[in-house]
Amino acid sequence: MLARSLRKSDVKRRLLETTAALSKGGMQIAPEQGRFMALLVELLGARRIVEVGTFTGYSALCMAEAMPAGGELICCDLSEQWTDIARDFWRKTGVEARIELRLAPALETLDTLLAEGQEGRFVLAFIDADKGSYGAYFERCLRLLRPGGLMLMDDTLWGGDVADPEKQDADTLAIRTLKAALLKDDRITLSLVPIGDGLTLARRR
């Protein structure tokens with residue numbers, strides 16, 4: 001499947017290999033998911049994107065490459081260690097000028113964007129960070145999205161744990177709670193795609 005669907009550049013391949021060698025390399029999104037997200041960016045013509053959770057920058061790289069000229073991607077993360085790797089690979093692919101990295105707790109960054117008058121000005125949001133805050137991230141990103149904007153939330157199958165009643169840890173419960181709320185939320189159009197570890201799509205109505 002991957003051999004017939006991915007046009008993976010040498011830089012992207014090296015970023016995936018670099019990340020896979022890290023102790024937390026499993027946090028990396030799957031390459032086919034990155035390709036799918038890039039296609040969504042192209043379809044939307046997304047000029048303004050916000051990402052919550054950047055890690056070593058593969059998802060941001062995929063989206064930034066697919067953005068129209070003059071696009072802006074705001075990345076929220078806490079780790080200078082991981083995002084230093086991201087910045088290096090963004091430079092190598094020539095997308096660094098499209099990306100603004102804000103190193104701070106993501107909720108603070110999202111609240112700052114709202115306070116700056118950015119409500120309704122983003123076309124796409126991608127959430128891939130601490131699961132316990134997904135509900136709070138969702139509410140803020142929904143406000144930041146324009147009507148018709150799209151939110152992507154990663155890891156919402158959570159290795160199958162969300163379907164296992166014996167799994168009662170905090171992260172699993174947070175994802176279950178969010179999914180139950182999204183199903184009843186008439187502000188969005190909802191879909192769950194079984195790609196990677198489950199990608200939930202929510203389009204703001």
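## Helices α3 and α4

In this predicted model, helix α3 passes helix α4 in a right-handed crossing. Helix α3 spans residues 31–44 and helix α4 spans residues 58–66, and the two pack at an angle of about 30° with their axes 8 Å apart; α3 and α4 are therefore roughly parallel to each other. On the α3 side the contact is formed by Pro31, Gly34, Met37, Ala38, Val41 and Glu42, which meet Tyr58, Ser59, Cys62, Met63 and Ala66 of α4. Sorted by class, the residues of this contact of α3 with α4 comprise 8 nonpolar, 2 polar and 1 charged.

Helix α4 is largely enclosed by the rest of the structure, because 8 of its 9 residues are buried. The buried residues of α4 are Tyr58, Ser59, Ala60, Leu61, Cys62, Met63, Ala64 and Ala66. Among them, Tyr58, Ser59, Cys62, Met63 and Ala66 take part in the contact with α3.

## Helix α6 and its buried side

Helix α6 runs over residues 106–115, and within this helix Ala106, Thr109, Leu110, Leu113 and Leu114 are buried. These residues cover an arc of only 140° around the axis, which puts them on the same side of α6. The buried residues of α6 pack against the strands β1 (48–52), β2 (72–77), β3 (99–103) and β4 (122–127), and also against helix α7 (134–144). Just after α6 comes Gly117, whose phi is positive, at about 85°.

The crossing of α6 and α7 is left-handed. From α6, the residues Ala106, Leu107, Leu110, Asp111, Leu113 and Leu114 make the contact, while α7 contributes Ala136, Tyr137, Arg140, Cys141, Arg143 and Leu144. By class, this contact of α6 with α7 contains 9 nonpolar and 3 charged residues, with no polar ones.

In terms of class, the contact of α2 with α5 has 4 nonpolar, 2 polar and 2 charged residues.

Leu22 is found in the loop between α2, which covers residues 10–20, and α3. With a relative accessibility of 24%, Leu22 counts as partly exposed. When residues up to four places away in sequence are not counted, Leu22 touches Phe55, Thr56, Trp82 and Ile85. Leu22 and Trp82 are 60 residues apart in sequence, yet their C-alpha atoms are 9.7 Å apart in space.

Most residues other than glycine have a negative phi. Asp155, although not a glycine, has a positive phi of about 65°, and this residue is found in the loop between β5 (145–153) and α8 (170–183). Asp155 is buried, with a relative accessible area of 13%.

Trp158 also has its place in the loop between β5 and α8. Its phi is near 50°, which is again a positive value in a residue other than glycine. Trp158 counts as partly exposed, at 22% relative accessibility, where the cut-off for a buried residue is under 20%.

## Leu192 in strand β6

Leu192 is found in strand β6, which covers residues 188–193. The relative accessible area of Leu192 is 36%, and this residue is partly exposed. Leaving aside its neighbours within four places in sequence, Leu192 is in contact with Thr156, Leu157, Lys179, Gly198, Leu199 and Thr200. The C-alpha atoms of Leu192 and Leu152 are separated by 9.6 Å, and these two residues lie 40 residues apart along the chain.

Notes: Residues numbered from 1 in each chain as written. Predicted model: local features only at pLDDT ≥ 70, side-chain atom pairs only at ≥ 80, totals over all residues. Heavy atoms only, no water. Buried < 20%, exposed > 50% of the residue type's maximum accessible area, 1.4 Å probe, protein only. Helix = DSSP H or I, 4+ residues; strand = E, 2+ residues; numbered from the N terminus. Arc of directions from axis to C-beta. Contact = heavy atoms within 4.5 Å. Axes fitted to C-alpha atoms, helices over the stretch in contact; angles between N-to-C directions. Parallel < 35°, antiparallel > 145°, perpendicular 65-115°, else oblique. Left-handed = near helix turned anticlockwise from the far one by under 90°. Nonpolar A, V, L, I, M, F, W, Y, C, P; charged D, E, K, R; others polar.
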